Amino acid sequence: QGQLAESGGGSVQAGGSLRLSCAASKYITCMAWFRQAPGKEREGVATIVSDANTRYADSVKGRFTISRDNAKNTLYLQMNSLKPDDTATYYCAGRGPWYGRCDMESTYNYWGQGTQVTVSS
């Protein structure tokens, strides 16, 4: 099974940075980060197949970078210039098999337990 475990969340002031990690028990071709703020629906943040195949939500473009280390089966999310609106529980997700599709509207069948990110103003 593709078990996922996030780490790296925490509290930071606006303008600061955090790096989230997600360790997977196996290689999963399509991986993504989602987030859910209190009282809001879950939203996609970024997806990745490879460094040449990534997608970002408009709200995080230019501030967040998704990457992966396939040798370690680990997914990352580097978050810079954080804003209070980025406060949420962040989840990593995997889609396998991916059938050639990896976007935020895809169905993901592997999920982590979530890690909290809090950005104060």
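1. In strand β8, Gln78 is the bridge partner of Thr65. The strands concerned are β7 and β8, the latter spanning residues 74–79, and they pair in the antiparallel sense over six bridges. Strands here are DSSP runs of E with at least two residues, numbered from the N terminus, and two of them are taken to pair if DSSP finds at least two bridges between them.

2. Some notes on the basis of these remarks belong here: the model is predicted, local features need pLDDT of at least 70, side-chain atom pairs count only at pLDDT 80 or more, and totals for chains, interfaces and linings use all residues. Residues are numbered from 1 along each chain as its sequence is written, and side-chain values use heavy atoms, with hydrogens and water left out.

3. The pairing of β7 with β8 belongs to an open sheet of four strands, in the order β1-β3-β8-β7, with antiparallel pairing. Because β1 (4–7) and β7 (64–69) each have a single partner strand, they stand at the edges, and one side of each is left without a neighbour in the sheet. On average, neighbouring strands of this sheet are turned by 15 degrees against each other, direction ignored; the axes behind this angle are lines fitted to C-alpha atoms, and angles run from 0 to 180 degrees between N-to-C directions.

4. Thr115 is found in strand β11, which covers residues 115–120. Its relative accessible area is 12%, so Thr115 is buried, a term that means under 20% relative accessible area, as against exposed at over 50% and partly exposed in between (1.4 Å probe, protein chains only). The side chain of Thr115 reaches the backbone nitrogen of Gly9 at 3.2 Å. Leaving aside residues up to four places away in sequence, Thr115 touches Glu6, Ser7, Gly8, Gly9, Leu20, Ala88, Thr89 and Tyr90, where contact means heavy atoms within 4.5 Å.

5. A search of the whole structure finds two disulfides, each defined as a pair of cysteine sulfur atoms within 2.5 Å. One of them is formed by Cys22 and Cys92, with the sulfur atoms 2.0 Å apart. Since Cys22 lies in strand β3 (residues 18–24) and Cys92 in strand β9 (residues 88–95), the pair ties together parts that are 70 residues apart in sequence. The torsion about the S-S bond of Cys22 and Cys92 is about 45 degrees, so this disulfide is right-handed, and both Cys22 and Cys92 are buried.

6. A disulfide also joins Cys30 to Cys102, at an S to S distance of 2.1 Å. This pair links distant parts of the chain, 72 residues apart, with Cys30 in strand β4 (residues 30–36) and Cys102 in the loop between β9 and β10 (110–111). The torsion about the S-S bond of Cys30 and Cys102 is about 80 degrees, so the disulfide is right-handed. Cys30 counts as buried at 0% relative accessibility, and Cys102 is buried with a relative accessible area of 4%. With bonded cysteines counted along the chain, the disulfides follow the pattern 1-3, 2-4.

7. The largest nonpolar core has 28 residues, and those with the most contacts inside it are Trp33, Leu77, Met79 and Tyr90; such a core is a set of buried Ala, Val, Leu, Ile, Met, Phe, Trp, Tyr and Cys residues joined through side-chain atoms within 4.5 Å. At least two residues of this core come from each of β3, β4, β5 (43–50), β7, β8, β9 and β11, and β3 gives the most, with four residues. Apart from this core lies another, of seven residues, among them Cys30, Ala32, Phe34 and Cys102.

How values were computed
Polar contact = N/O pair within 3.5 Å; in protein donor to acceptor, adjacent residues only side chain to side chain.
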